[in-house]
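Subject: Structure for you to look through

Hello,

Here is the structure I promised to pass on. Please open it beside this email, and follow along as you read.

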There are 4 protein chains.
Amino acid sequence: MKEQIGRVKELAAALEPELVAARRDFHKYAEPGWTEFRTTAVLAKKLTRLGYQVDIGDKVINKDAMMGVPKPAVLKKHMERAIAQGADSALVAQMSGGMTGLVATLRRGEGPTLALRFDIDANDIDESQETKHRPYRDGFASVNPGAMHACGHDGHAAAGLGVANILMQLKDHLSGTVKLIFQPGEEGSRGAAAMEAAGVLEGVDYIFGGHIGIKARHLGDFICGAREFLATTKLDVTFTGKPAHAGMCPEEGRNALLAAATCALNLHAISRHGQGASRINVGSLQAGQGRNIIPAHAVLQLETRGVTTSIDGFMAQEARRIIEAAALMYAVDYKAECTGATQGGESSPEMAEMARTIAQEMGYFENILGITSFGATEDFSHLLTNVQKQGGKGTYVQLGADASAGHHHFCFDFDEKVIAYFSEFMARAACRLLGA
Amino acid sequence: MKEQIGRVKELAAALEPELVAARRDFHKYAEPGWTEFRTTAVLAKKLTRLGYQVDIGDKVINKDAMMGVPKPAVLKKHMERAIAQGADSALVAQMSGGMTGLVATLRRGEGPTLALRFDIDANDIDESQETKHRPYRDGFASVNPGAMHACGHDGHAAAGLGVANILMQLKDHLSGTVKLIFQPGEEGSRGAAAMEAAGVLEGVDYIFGGHIGIKARHLGDFICGAREFLATTKLDVTFTGKPAHAGMCPEEGRNALLAAATCALNLHAISRHGQGASRINVGSLQAGQGRNIIPAHAVLQLETRGVTTSIDGFMAQEARRIIEAAALMYAVDYKAECTGATQGGESSPEMAEMARTIAQEMGYFENILGITSFGATEDFSHLLTNVQKQGGKGTYVQLGADASAGHHHFCFDFDEKVIAYFSEFMARAACRLLGA
Amino acid sequence: MKEQIGRVKELAAALEPELVAARRDFHKYAEPGWTEFRTTAVLAKKLTRLGYQVDIGDKVINKDAMMGVPKPAVLKKHMERAIAQGADSALVAQMSGGMTGLVATLRRGEGPTLALRFDIDANDIDESQETKHRPYRDGFASVNPGAMHACGHDGHAAAGLGVANILMQLKDHLSGTVKLIFQPGEEGSRGAAAMEAAGVLEGVDYIFGGHIGIKARHLGDFICGAREFLATTKLDVTFTGKPAHAGMCPEEGRNALLAAATCALNLHAISRHGQGASRINVGSLQAGQGRNIIPAHAVLQLETRGVTTSIDGFMAQEARRIIEAAALMYAVDYKAECTGATQGGESSPEMAEMARTIAQEMGYFENILGITSFGATEDFSHLLTNVQKQGGKGTYVQLGADASAGHHHFCFDFDEKVIAYFSEFMARAACRLLGA
Amino acid sequence: MKEQIGRVKELAAALEPELVAARRDFHKYAEPGWTEFRTTAVLAKKLTRLGYQVDIGDKVINKDAMMGVPKPAVLKKHMERAIAQGADSALVAQMSGGMTGLVATLRRGEGPTLALRFDIDANDIDESQETKHRPYRDGFASVNPGAMHACGHDGHAAAGLGVANILMQLKDHLSGTVKLIFQPGEEGSRGAAAMEAAGVLEGVDYIFGGHIGIKARHLGDFICGAREFLATTKLDVTFTGKPAHAGMCPEEGRNALLAAATCALNLHAISRHGQGASRINVGSLQAGQGRNIIPAHAVLQLETRGVTTSIDGFMAQEARRIIEAAALMYAVDYKAECTGATQGGESSPEMAEMARTIAQEMGYFENILGITSFGATEDFSHLLTNVQKQGGKGTYVQLGADASAGHHHFCFDFDEKVIAYFSEFMARAACRLLGA
């Protein structure tokens, strides 16, 4: 196997132009969570052609476990757009209801099962249309309004294709099973739970995930593992009161705007936790309709986080009570819906060690860090924690890439060299773990 | 009768020195609501001596309807003090439990029943000890800490003695019944409901009440009646949470201070009422014990008001729900106790007209106003409204008197000439209504 | 003149079908404040044809005094739409910048100047598309999205045409000047100040305004005048903070949403006013962009009111300070822009008396009330108060009409019989005041 | 020196009865921060008698750097009480202004300077008077109302005497200088800064401090060092508004209670910090005077904390701005006074290592932990950080002792065996660092 590993570098390097092209294609047709119809269809086609068994739709997504799904009308519009943008309509049909994402499996007899996870969704952002922004200048900026790959998941999806290509060429030297998980809805912590609930992790012994950039800022930086993934809960809250003329009979109204305002303030006043970091954010609040009407309607989008699943649980429980109390305060009705959630977690030390060895062998990395605090949320931690619970191991790596702006910024772009590195790293990991 | 009425002026004028002395005695031994033990005992002695039937204790106060009663230990201390300051101990014993106040009755055969009401309680204020303050300079400032007649009720009580004296001298010319009601606990709207519940208003056809000053600023001003008495509800609220170390484990606490803070803010945000004036005031908030402990205890004193009993009812209902919601917001326990309440109301136009005629006849008043907006709370309105409900009539007058400071100010004092005017006015009203 | 007045009834009755048609035309092409391009153009055409001197654009609107004007792009779109819907493009051009509304003048030599005011703007509401809603069923529901005549101003505009027609027929019997003011932007209290600042009220001795419905519920009800017009101030507030990742570095953000929330709460906690009714309403609050981003942007629409201009002044002053404090609280920038304002006021008793006489003469009204509390805001009070300040007089009448839903409701419609009554009333008033 | 160290154990064991007696004496005459007049006087006497150079008053306390000092009248009362309870009046006089605490120095020629710090203040708590509470049962409960040693500082002071005694007996074997710092006002983080500002740390190479209990629960537990001392800032805030009658003219008031309420809420809504733990607590809020008066006065006691001095700095800066904004919100005046502050910090690893060696040698400890998160505030960290800044080293140890209740509980008591252990540990540390 040693010599095969030597081939990985060459194979990856040779694939680079193709991977960059794939990334730019995904970038141009950016699709946010649960609407990755075209992205999934394109991946499915290519992976099938490579020889993988490709599962999509309800084989990989448990409908009941989907959180934060857009409304049917929105899904319909996006399905039509995907087809108009070249997606296979039969494939799209299998994803109806928003069941995007796929799993590509390569079975090579006896041996452990390794899952490699790549997230594929875009952000809800309008992309920059300035000429200083390379994707716009070079014609691959998003053509989909309100959707942009501003977090590098286009690169992740492309890197996944690269791994698939390399491993298929080395398949005779592998023993065991490779599962390439292309996950929808990482943003908003929505996709991992639905894939896990569909059984995607059954029998998985090892799981690897990774990200371009984040805490690894520059090409040549590499982080072997993460601790302090923040567990999170996402809630959508609606308050419904009663309108009234604000001049003539304000007392007849039931003020949903003030319920929302007192809710937001008191949510942010939830106690800090003595056991570790917590977070709360009411990210948006939309209330009222007219200046002279007691506002009868309000909607909040919020999230809690905790450095452990238990601390996030404390935050979410406090939040739910405060929401109820805010409704009671103004005698309005309320609804609080969970639209996303993921767990805390941390890399298995042995896997992080292995990642370090691989990174050193690759020769590109000058600045290699061990398990490092992540301090943010990654839907991957739901998958990682579940694999660990069933006795498996895993890690989450970060590959540095110089970026033109921060993640989630409308001018975000990154050094595409990292894509091939990402493919090479994952392929090397597979060779180590499944090498004959 | 006409000629008798002529005598009233002389009788009142002759009593002036005695009434001023009585006022200064009451002033010196000021007693707040439900602790008017000495005041009541002194009145009882004098009225009995004059020949009135005097009822005190549970004959005039319904224990179950008392609101905002001080704690037993406080009452005990004040009873002892009253005796030390000259009150008859047998009389004080009859008032145990805080049942202060009295009704003095003069029955003169057939005829209507007229109630004249005088309030006798002091404020919870420390009196000025500056020589520019006449009561202090002349040695009749309050000797009771935290208690001061800063609203003129000392003058009302003295005026009541004057009326009693005059009417007794004219008794042969009266037909019907006179009830002199010396009411405790006007401040805080506590006494009227308990007297009414004890049956004091049974059979009353007419009721007159009045006040020195307020909207009648100067000697020579007279206001014949009032509308827009504000109904009110007084609430004491306690929040009980759980302490915790604010540095090590703040999340284990249940924060009563924040419950109180959010309660106060949201109470003040209760909607204005389209049907008329409303009020809300959280007058005090005491919370917490130490800087580094999550505060487990908070107490609020608040009141609502409304220009009608129904608007105050709206305010109080909103307030109760907000208190409950504030407790839920911080997962603390709460208790909301009603410590006072009175109704809205307004003078009967015929009685106000009669008051105008009397005021004109008296000859002292240059500036006579009809029924005028009161815009504040007077426990008298509870009595007035109940008399009107049983088919009777009444009014509430204001007699101008130049004052050294605003009502409830620690330097409040007034022109004592008004006391005899007050006695004369009330005696004339009795002569008109019960004159043979 | 007496006999001429007799003709008014016949003339008005004869015009009824034409007025109903005009009302339905205005209804179908509903245009909110400062976008009444087509409405104004249609009125201008008809009034010119009738023989009136018609002034529009900067002759009747002072650009610097316009409040709450839509953005240029919106105005442009609405101007194009008006032309597409039949407006004369030359007329529309004169209204550029949103200077809608007009004044039609009839000069008949010596004599007083009488202004009759009709408001013409629609509400920002989507009209009902249910068959039970007559305008929809009969094909005259609004074809303009987000715009609907839900307050009867379509009827007012039509009634104004009726008056114009009648008075022109009686012109030989009139001495003095009639100014028909067709006012834009009554909703939001935006138009009156700009017309007044343009000099429209110069020389006006009498001013009459009126409304269909409101406190006069049924056909046959008539209210002769109003007191307690609420003065009002409309503010648009923007808070601008700094975004940050809510998981990784929330402390780097500047939270505009919380500034808006604390602003809204504390605004509603502004003290009630002892001198009379006040109001506060934050009618809408839009804040934030994404769930996991510290919200950097918030917009509030709010209004204050007071039963006197001075009480509204108190409210607005408090509001401005609270807005500034809320910005300081969260270290965000803010902007508070006044988008509308009008004064308090009340009818002149003599004019209300004359209105009563006219209403009695008309013979349609069974239930006639004198000056009645309005308890809401009417931009007319700005005009009325200014006419009174220059020594003139005026009143504001309400003509009952059964309605299918409350004012500002998306199903609002009214009994169209009232339109001709309205024309007749105003024409009779002109005949009385300018009758030779 | 080795053999001398052997003697330490015997010397400490022999002192045990005397140390227990000293602890009980301090316990009985408990004195909170800046009032430790008797405690200091007793210590001064004993340490002088042992042969130490004892400095008190302005030699060890910089008056300008004192925070949270009681009012002069309170200090006066406590000074008188101290003398009545046996303190030398000349010594007490030197401490006037609250300059309690002392430094006892032993100079033994060339060599490093070692500071050992013992805190001596009591808590503001009424001690339990139940017979199950040993101090009460055995007659050494606090006789000073509102003052109790509920944190073990009585034991610390006694242990300091033990060390002083032992080291004096071994003085011939020491080279260098020992400074025994008996610090006042540890509670509230008030004393360390004033001692440091007086120059107490000049020339100090090593500093050791410690605590009975806290995270070392049981006799036999030992913790060698601490990290994550929370930096803290203590603020007293006063809001001053304007009173007004809540019924008649609420708008004339300036509401300090609502300023305090909105201040408290918004303080607790300060953003969490991405770089580590922060805390905020408004521990008490006292506002208002009477139910029907707009509250014109409010006082808050609050504290911020941060796991680093920089994070606490962020919290305190946010707090100061929010306080200013709350005052502006209600147009009231404010004052924010810093009454205490200390820094974050952590033990020097080498000193913690040495502590481990000593603890192992002592033979009493079964459960020895290395540098452990403290997660709370200790005024010692101010001293430690300053020594480290000048190139020195230090550590903070915790010696387990079974307790009858949590620290700061009114039933707190501890296993007194730990006192001699504490003396022995500190003496051993001195022998190691200054041993010839």
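One definition before we start. A helix axis here is a line fitted to C-alpha atoms over the stretch in contact, and the angle between two axes runs from 0 to 180 degrees between their N-to-C directions. Keep in mind that this is a predicted model.

**A helix pair in chain D**

Start with helix 8 (residues 256–268) and helix 9 (residues 309–329) of chain D. Their axes lie 9 Å apart, and the packing angle is about 150°. How do the two helices run relative to each other, roughly parallel or roughly antiparallel? Angles over 145 degrees count as roughly antiparallel. Helix 8 of chain D is therefore roughly antiparallel to helix 9 of chain D. The crossing of these two helices of chain D is right-handed.

Which residues make the contact? Helix 8 of chain D brings A259(D), T262(D), C263(D), N266(D) and L267(D). Helix 9 of chain D brings A319(D), I322(D), I323(D), A326(D), A327(D) and M329(D). Sorted by class, this contact between helix 8 and helix 9 of chain D has 9 nonpolar and 2 polar residues, with no charged ones.

**Helix pairs in chain C**

Now look at helix 8 and helix 9 (residues 309–329) of chain C. They pack at an angle of about 150°, and their axes are 9 Å apart. These two helices of chain C are therefore roughly antiparallel to each other. Their crossing in chain C is right-handed. From helix 8 of chain C, the residues in the contact are A259(C), T262(C), C263(C), N266(C) and L267(C). They meet A319(C), I322(C), I323(C), A326(C), A327(C) and M329(C) of helix 9 of chain C. The class count for this contact of chain C is 9 nonpolar, 2 polar and no charged residues.

Another pair in chain C is helix 2 (residues 37–50) and helix 3 (residues 72–84). Their axes come within 8 Å and cross at roughly 45°. Helix 2 and helix 3 of chain C are therefore oblique to each other. F37(C), R38(C) and A41(C) of helix 2 of chain C meet H78(C), M79(C) and A82(C) of helix 3 of chain C. That contact between helix 2 and helix 3 of chain C has 4 nonpolar, 1 polar and 1 charged residues.

**Where chain D meets chain C**

Next, the contact between chains. Chain D gives 21 residues to its contact with chain C, and chain C gives 21. Helix 8 and helix 9 of chain D each supply at least two residues of the side that touches chain C. Which element of chain D gives the most? Helix 9 of chain D does, with 7 residues. The side of chain D that touches chain C has 11 nonpolar, 6 polar and 4 charged residues.

How are the two copies related? A rotation of 179° with 0.2 Å of shift along its axis superposes chain D on chain C, with an RMSD of 0.2 Å. In chain D, A325(D) has the C-alpha nearest this axis, 2.5 Å from it. The copies meet through the same surface, because 100% of the interface residues of chain D are also interface residues in chain C.

**Where chain C meets chain A**

Here 37 residues of chain C are in contact with 37 residues of chain A. On the side of chain C that touches chain A, helix 8 (256–268), strand 8 (278–288) and strand 9 (297–306) of chain C give two or more residues. Strand 8 of chain C gives the most, with 9 residues. By class, that side of chain C has 17 nonpolar, 14 polar and 6 charged residues.

A rotation of 180° with 0.0 Å of shift along its axis superposes chain C on chain A, with an RMSD of 0.0 Å. That is the relation of a two-fold axis. The same surface serves both copies, as 100% of the contact residues of chain C recur in chain A.

**The domains of chain A**

Last, chain A on its own. Its domain assignment gives domain 1 (2–228 + 346–434) and domain 2 (231–342). Taken over C-alpha atoms, the centres of the two domains of chain A are 34 Å apart. In chain A, 12 residues of domain 1 are in contact with 9 residues of domain 2. Helix 7 (191–197) and helix 11 (380–389) of chain A are the elements that give two or more residues to the domain 1 side. That side of domain 1 of chain A divides into 3 nonpolar, 6 polar and 3 charged residues.

Best wishes

Methods:
Residues are numbered from 1 along each chain as its sequence is written. Chains are lettered from A and ligands numbered from 1 in the order in which they are written. This is a predicted model: local features need pLDDT of at least 70, side-chain atom pairs count only at pLDDT 80 or more; totals for chains, interfaces and linings use all residues. Domain bounds come from an automatic or database domain assignment. Two residues are in contact if their C-beta atoms, placed from the backbone, lie within 7 Å. Helices (H or I, at least four residues) and strands (E, at least two) are DSSP runs, numbered from the N terminus. Ala, Val, Leu, Ile, Met, Phe, Trp, Tyr, Cys and Pro count as nonpolar, Asp, Glu, Lys and Arg as charged, and the others, Gly among them, as polar. Copies are superposed by least squares on the C-alpha atoms of residues with pLDDT of at least 70 in both. Angles under 35 degrees count as roughly parallel, over 145 as roughly antiparallel, 65 to 115 as roughly perpendicular and the rest as oblique. A crossing is left-handed if the near helix is turned anticlockwise from the far one by less than a right angle, and right-handed if clockwise.
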